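Please take a moment with the sequence and the model shown below before reading on. The paragraphs that follow go through the structure part by part.

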Amino acid sequence: MSSRAVELTSQSGPPARPGAILDVRDLSVEYLLDSGIVAAVDRVSFSLGAGEFVAIVGESGCGKSTLLFAIAQLLSPPAEITGGSVLFQGRNLVGLTDSQLTAIRWKDLSVVMQSAMNALNPVKSIGAQFKDAMRAHGVNSREEIAARSAEVLRMVGIDPLHLHSYPHQLSGGMRQRSMIAMALLFTPKLVIMDEPTSALDVVAQRSLMVQIKELQQQFGFAVIFVTHDMSLVSHFSDHLMVMYAGQVAELGPTQQLFDSPAHPYTAGLMEAFPSIRGPRRPLKGIPGSPPDLARPPHGCRFAPRCPKVMDRCRAEPPGLYNVDGTQVRCVLYEGGAGRGSAS
Ligand SMILES: Nc1ncnc2c1ncn2[C@@H]1O[C@H](COP(=O)(O)OP(=O)(O)O)[C@@H](O)[C@H]1O
Ligand code: SF4
Ligand SMILES: [Mg+2]
């Protein structure tokens, strides 16, 4: 049998794809605390083509939010980017000044965070906040601002009358929709979303997700979407990144990861969620919890919880292997094994 797994020359993933609008390369972030350093993101690399939808999953504390903040250049002390680059439309965002970033934010790249209540200004109406965002980009015509503000609210299914509403007057779902409307004021190329539906009930989550997907298909922006909900992922994303303890555990086309999870952690995540299409089966879950990133295990970070662990897994960190066009950080693939060897 021919060897299908190839160890990547560095830990940094495959080379950027031609035409990618975003290329994140070897990105590392640390929280510099009095008690020590927390390495929250460790040399993460991936690229995203125009109009693609990548979901990032992993348990709480795996570095998902820190990664998004680092991509959007929204980190503040004690967090610091300690290495790597974020090429967005060919330009490295790392190291740009605030005014250079302001020119890009909202217009080309926008961010929707977990809680719109925290992101929206409580003492300004929705309309006033839209106006501020448009004025920051040189749109001063009252008519143009009013027309576009009403248009984006309609796009997310909210009556433009709510431009006069304050955030506390809206339901949680409407606040999230308003944030998404604000993110679309300028038809950006990339929208970064950190668990935008997690505060909502299941029915509201699903309808908001459907709407996000429709807007994405209509306007063609790329999406990076963090969630811990695997059932959302399977329906809405093209690509899936599984993060564990600050690192990429597995990355590839969503369908491929669902059909034959390669990394034991991915396999565990799949089993921890009820199958949407297949027959019901018991939730096995993954015993234990992710490591403290101030003191990660020396070898494979998943070793303490891995059902496939071997002695050598604890001795040194596994490489990142290219397995049938996906990337997997696990020694099971060192010898050229194909996908599905974890099951
Ligand atoms: N403001 C902060 N100060 C110190 N450590 C932080 C801070 N925010 C996050 N961390 C640490 O960084 C790691 C990754 O956190 P986070 O990016 O929030 O993960 P996720 O979004 O996957 O839950 C965790 O170990 C967390 O404790
Ligand atoms: S390297 Fe070893 S411990 Fe880590 S995921 Fe693979 S088999 Fe499990
Ligand atoms: Mg988070």
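**A walk through the predicted model**

Strand β8 and strand β9 (residues 222-226) run parallel to each other and are joined by 5 bridges. Within this pairing, Leu190 has Ala222 of β9 as its bridge partner.

How many of the 5 residues of β8 are buried? The strand is mostly covered, since 5 of its 5 residues are buried. In a regular strand, the side chains alternate between the two faces of the sheet. In β8, Leu190, Ile192 and Asp194 lie on one side while Val191 and Met193 lie on the other, and these residues are all buried, so that both faces of the strand are covered.

Thr187 belongs to the loop between α6 (172-183) and β8 (190-194), and its phi is near 50°, which is a positive value in a residue other than glycine. Is Thr187 buried or partly exposed? A residue counts as buried if 20 or more other C-beta atoms lie within 10 Å of its own; Thr187 has 13 such atoms within 10 Å, and therefore it is partly exposed. Thr197, by contrast, is found in the loop between β8 and α7 (202-219), and it is buried because 24 other C-beta atoms lie within 10 Å. Leaving aside residues up to four places away in sequence, Thr197 touches Gln176, Gln205, Leu208 and Met209. Thr197 and Thr227 are 30 residues apart in sequence, yet their C-alpha atoms are 8.4 Å apart in space.

Another positive phi occurs at Ala245, where the angle is near 50° in a residue other than glycine. Ala245 sits in the loop between β10 (239-244) and β11 (247-253), and it counts as buried because it has 23 C-beta neighbours inside 10 Å.

A further part of the model is an open sheet of 4 strands, arranged in the order β3-β2-β5-β6 with antiparallel pairing. Which strands stand at the edges of this sheet? They are β3 and β6 (91-92), each of which has a single partner strand, so one side of each is left without a neighbour in the sheet. The antiparallel strands β2 and β3 are joined by 10 bridges, and among the paired residues Glu30 has Ala39 in β3 as its bridge partner. Helix α1 lies across β2, β3 and β5, and runs at about 65° to β3. In the loop between α1 and β5 (79-88) one finds Pro78, and the peptide bond that leads from Pro77 to Pro78 is cis, with omega near 10°.

The C-alpha atoms fill a box of roughly 65 × 45 × 40 Å, taken along the principal axes. For a protein of 343 residues, a compact globule would have a radius of gyration near 20 Å, and the 21 Å of this protein agrees with that expectation. Of the 343 residues, 44% count as buried. Among the contacts between residues at least 6 apart in sequence, 66% join residues at least 24 apart.

How values were computed: Residues are numbered from 1 along each chain as its sequence is written. Chains are lettered from A and ligands numbered from 1 in the order in which they are written. This is a predicted model: local features need pLDDT of at least 70, side-chain atom pairs count only at pLDDT 80 or more; totals for chains, interfaces and linings use all residues. The radius of gyration is taken over C-alpha atoms; the globule rule is 2.2 Å times the number of residues to the power 0.38. A residue is buried if 20 or more other C-beta atoms lie within 10 Å of its own, exposed if 12 or fewer, and partly exposed in between; C-beta atoms are placed from the backbone. Two residues are in contact if their C-beta atoms, placed from the backbone, lie within 7 Å. Helices (H or I, at least four residues) and strands (E, at least two) are DSSP runs, numbered from the N terminus. Two strands pair if DSSP finds at least two bridges between them. Axes are lines fitted to C-alpha atoms, for helices over the stretch in contact, and angles run from 0 to 180 degrees between N-to-C directions.
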